[in-house]
Amino acid sequence: MARKVVGRPAEETLSLWKREQALLKTLVVDRDTEAWQRDPAFSGLQRVGGVDVSFVKGDSVSACASLVVLSYPELEVMYEDCRMVSLTAPYVSGFLAFREVPFLVDAVQQLREKEPRLMPQVLFVDGNGVLHHRGFGVACHLGVLTDLPCIGVAKKLLQVDGLENNALHKEKIRLLKAGGDSFPLMGGSGTVLGMALKSHDHSTKPLYVSVGHKMSLEAAVRLTHGCCKFRIPEPVRQADIRSRDYIRRTLGVQGAPALQPERSKKAQRPKACPQGVSEEPAGSSDQVRLHPPGRGRAPTTVRTHIAALGVLIRNFAAQLGLRTSCFLQEGHLDPGSPFPQPCIFGLTFPSRGKTSKRWHCPGSFSDPCHLGPDKGLTRTTGKQHFISPIPSSSSVKWS
């Protein structure tokens, strides 16, 4: 029998998700941040990454999260990581990131720790960036949490801010003649949210490209076109192919029924969307290991919030001129609670010797979090201090 995720989450959870989106949205960078992005030929770009989540037919919980890294401009696969995951968060229109991004962040972090020389310089994401109900789609979410340039590439138009797939839009598509041709997606607010791109000479349907993080829209469109052997950018295409193949091989090895990977993600997502709103997200190594959620591991939603806190702290530290690294001690999380406390989050200052300030977050998940140094200095030899719990609103300030 197919396993199904519960329906629409509680209003308290949706409110928490909205606050986190609003907080992380303030960290999005929509301009070029690397020298190679400003070069007409992308000189200096050597590695491009792609991520994808593929589903098992008849099972809205089991999925395969994949990350691939390709050489550029050859577009040959240099690295791949596929793992089976359980999607415990339900699909809700506008909140796809809370269902899928934690597993993709884990995959990027694994690569960063194991093979840092293979880290991609940019990530292509099968979904939207700023072209989103609240201007913060899955590509923005992943970009901010990984601190990597990200590009959102969707196969269907997300109809927000007055954008419609109407006769006028279809006529603009018809006028796209050659690969690389594009037109802007300007919403009713007058903001250009993305570009419709004819990615290949022989493609009849455009891609919808939007900024995810740390890259301009112009550079994102040029690079997307440059990574297309076919309609879909090769990094996303390879991530999709390899995740589906991994599902087939894994189910076969485990002696499971011959279930086929689901081609349509939309069909596998429980219909928990608000009425009148639609969101259409875009679409093996020899030693691949399965990573099902284990006991004692922090719940997916909690890990997402903790990653958000890491970004917040890193930005505060950068303003103070400090080099920081953050980590989570998951053993302090109570797996039986949706919002467990206390959550222990380690922050180190490797450049400050034996003297460091300690930050703490009083209050609960539903309260604003005030970050501030404790009175006086804490002197230790370990240089590790802790933060608890996780901020849930954008009203973060020094106490």
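**Getting to know the model**

Q: Where does Asp147 sit?
A: Asp147 is in the loop between α4 (138-146) and β5 (150-154). Helices here are DSSP runs of H or I with at least four residues, strands are runs of E with at least two, and both are numbered from the N terminus.

Q: What should I know about the model before going on?
A: It is a predicted model, where local features need pLDDT of at least 70 and side-chain atom pairs count only at pLDDT 80 or more, while totals for chains, interfaces and linings use all residues. Residues are numbered from 1 along each chain as its sequence is written, and side-chain values use heavy atoms, with hydrogens and water left out.

Q: And what is the average pLDDT of the chain?
A: The average is 75, and 61% of the residues score at least 70. pLDDT is the predictor's confidence in each residue, from 0 to 100.

Q: What about Phe42, where is that?
A: Phe42 lies in the loop between α2 (35-38) and β1 (47-56). Phe42 is not a glycine either, yet has a positive phi of about 55°. Phe42 is buried, with a relative accessible area of 5%.

Q: Now the strands. How many residues of β2 are buried?
A: 13 of the 13, so β2 is largely enclosed by the rest of the structure.

Q: And which way do β1 and β2 run?
A: They run antiparallel, joined by 10 bridges; two strands pair if DSSP finds at least two bridges between them. Val56 has Asp59 in β2 as its bridge partner. This hairpin has two residues between the strands, and Gly58 takes a positive phi near 85°.

Q: How many bridges join β2 to β3?
A: Nine, and those strands run antiparallel too. Leu70 stands opposite Val77 in β3. There are five residues between the strands of this hairpin, and Leu75 in the turn has a positive phi of about 60°.

Q: Which peptide bond is cis?
A: The one from Tyr72 to Pro73, with omega near 10°. Pro73 is in the loop between β2 (59-71) and β3 (77-86).

Q: Which residues have the most contacts inside the largest nonpolar core?
A: Leu67, Leu123 and Leu142, in a core of 35 residues. A nonpolar core is a set of buried Ala, Val, Leu, Ile, Met, Phe, Trp, Tyr and Cys residues joined through side-chain atoms within 4.5 Å.

Q: Which element gives the most to this core?
A: That is α3, with eight residues. Apart from this core lies another, of 28 residues, among them Phe42 and Val122.

How values were computed:
Buried means under 20% relative accessible area, exposed over 50%, partly exposed in between (1.4 Å probe, protein chains only).
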